[in-house]
Amino acid sequence: MPLEVEVVSRVRQLYHTENADMVLIPGSEGELGVLPNHTPLLTTLAFGELRVVEGDAINSFVVYGGVVDVGPHKVIVLADDAESVSEINMSDVEEARARARRLMEESPAGDQRAMIAQELRRAEIAAKIYQRVGGPSGRRIRTVEEDE
Amino acid sequence: MPTTREIKRRINSVRNINQVTRALEAVSASAVRKAQNAVLASRPYAQYAHQVLVHVAAQSRGVPLHPLLEVRQDVDMICVLLIAGDRGLAGAYNANAVRRATSFVERYQRPARWVTVGRKGTDLIRRWIAAQKDSETAAPFLKQQEIVAEFSHLPADPDVSDVTQIVQVLFDEFLNQGADEVFVAYTNFINTVTQQPRVLPLLPLRPFEASSRAIADLVETPPEVRLRGRDYLYEPDAVTILDEVIPRFTELQILQAIRESLSSEHSARMVAMRNASESAEALRGLLQLDFNKARQLAITGEILDIIGGVEALKQNDD
């Protein structure tokens, strides 16, 4: 029985499928792969790449924190913020990264510093994932079989 | 028959009212679109967050895993969060939300500590409480109603940070101030013409079956969630994750209720103002008709006078 997967962020629903074979989740305690009939699990999300494997296709998302509720037949990903890798606009990311670095050099204090550091981390993770996956056009999808 | 000048004055005042209602309608129409988009966009997250809360709550039979999950045997006092509007001119929106909340309390028969959002709602509740205090026949619990906190003037597009304070008050009521259950009375947005005032149980968080027992016919039952096995794994560990998830998701439920209510309020106002505009136009048409008749009558009268005068002069000439 395949997995039902729901990816939502605070501001929208990103993805829904009832036919996933596997979900790779960037948990705060390390990456975990979830197959159908997984034991119920509740964990927090780190910043990272979430992959939903569906037959030959892999859908990649960048998630920035949140919670995931894993059940035997359903995985609910509640991200604080998330975007599909195919939506990432590299120039925006670079811009955000440059801006955050510049602000960091002004050595802000307290809350602001934490916020900027967060921004910077976001931009860096988005850039890394984008490069690994190869961007919207060059997305060569690996299959699970190829991995094995 | 009133004179033309009197009718003219009435036409002008109706025209002014019509302009105001049409302006309000236009303002609400643009607000409605924004609020609708916001409410529909965040609804899935809030619904799934609720599912997760219920899954977690179902884990803690016997010993609650978190203070906010503690189901108390005797409910001596409740806390009700009422969400209504800051302004009127929204048809029956405010009155309906308040009536739904007060009738819930009357039937649940418990002293309530009220937390209100919105100036109009606060006023209406205050008046209701005063009426209970004055009434000689009101049951004792109705005389023990009080407002413990009021909030107003939330931004048009509220965010989590805007509801933090409200949620803090509710948690405090539940944990320290003796409220054994907390409810939210708000208006669910269905579409532009339909809004539904409802009361939802908020705290303690509990699985579907538990909440349905005592109060099923008094509150809207939240959508049923299929429960999972009892043995949840928590990473990093139960305390850390529940401390993070439960307050935050509860906060989101409140935020969603506020967004639903805002959308409903704008929709209700838009519809009310559209009706008012239409009535004003109809009234103006009637008054215009009266005005024309009065004018014609006046002219006829004058002509008759002139003819009468001419005839009189002619007779004199003869």
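Tutor: Please keep in mind that this is a predicted model. Let us begin with helix 1 of chain B, which bends by about 35 degrees at Arg43(B). A proline, Pro44(B), follows within four residues.

Student: How do you know that the reach of helix 1 of chain B is close to the expected one?

Tutor: Helix 1 of chain B covers residues 4-59, 56 residues in total. From first C-alpha to last, the helix reaches 77 Å, which is close to the 82 Å expected at 1.5 Å a residue.

Student: Why are helix 2 and helix 3 of chain B called oblique to each other?

Tutor: Their axes cross at roughly 45 degrees and come within 10 Å. Angles under 35 degrees count as roughly parallel and 65 to 115 as roughly perpendicular; helix 2 and helix 3 of chain B are therefore oblique to each other. Residues making the contact include Ala95(B) and Val98(B) of helix 2 and Leu124(B) and Trp128(B) of helix 3 of chain B.

Student: What makes strand 3 and strand 5 of chain B edge strands?

Tutor: The open sheet of chain B has 5 strands in the order 3-2-1-4-5, with mixed pairing. Strand 3 (146-151) and strand 5 (195-203) of chain B each pair on one side only, and these are the edge strands.

Student: How do you know that strand 2 and strand 3 of chain B pair?

Tutor: Pairing requires at least two bridges. Strand 2 (residues 112-117) and strand 3 of chain B have 5 bridges, in the parallel sense. Within strand 3 of chain B, Glu150(B) stands opposite Thr116(B).

Notes. Residues are numbered from 1 along each chain as its sequence is written. Chains are lettered from A and ligands numbered from 1 in the order in which they are written. This is a predicted model: local features need pLDDT of at least 70, side-chain atom pairs count only at pLDDT 80 or more; totals for chains, interfaces and linings use all residues. Helices (H or I, at least four residues) and strands (E, at least two) are DSSP runs, numbered from the N terminus. The expected span of a helix is 1.5 Å times one less than its number of residues. The bend at a residue is the angle between axes fitted to the seven residues ending there and the seven starting there. Axes are lines fitted to C-alpha atoms, for helices over the stretch in contact, and angles run from 0 to 180 degrees between N-to-C directions. Angles under 35 degrees count as roughly parallel, over 145 as roughly antiparallel, 65 to 115 as roughly perpendicular and the rest as oblique. Two residues are in contact if their C-beta atoms, placed from the backbone, lie within 7 Å.
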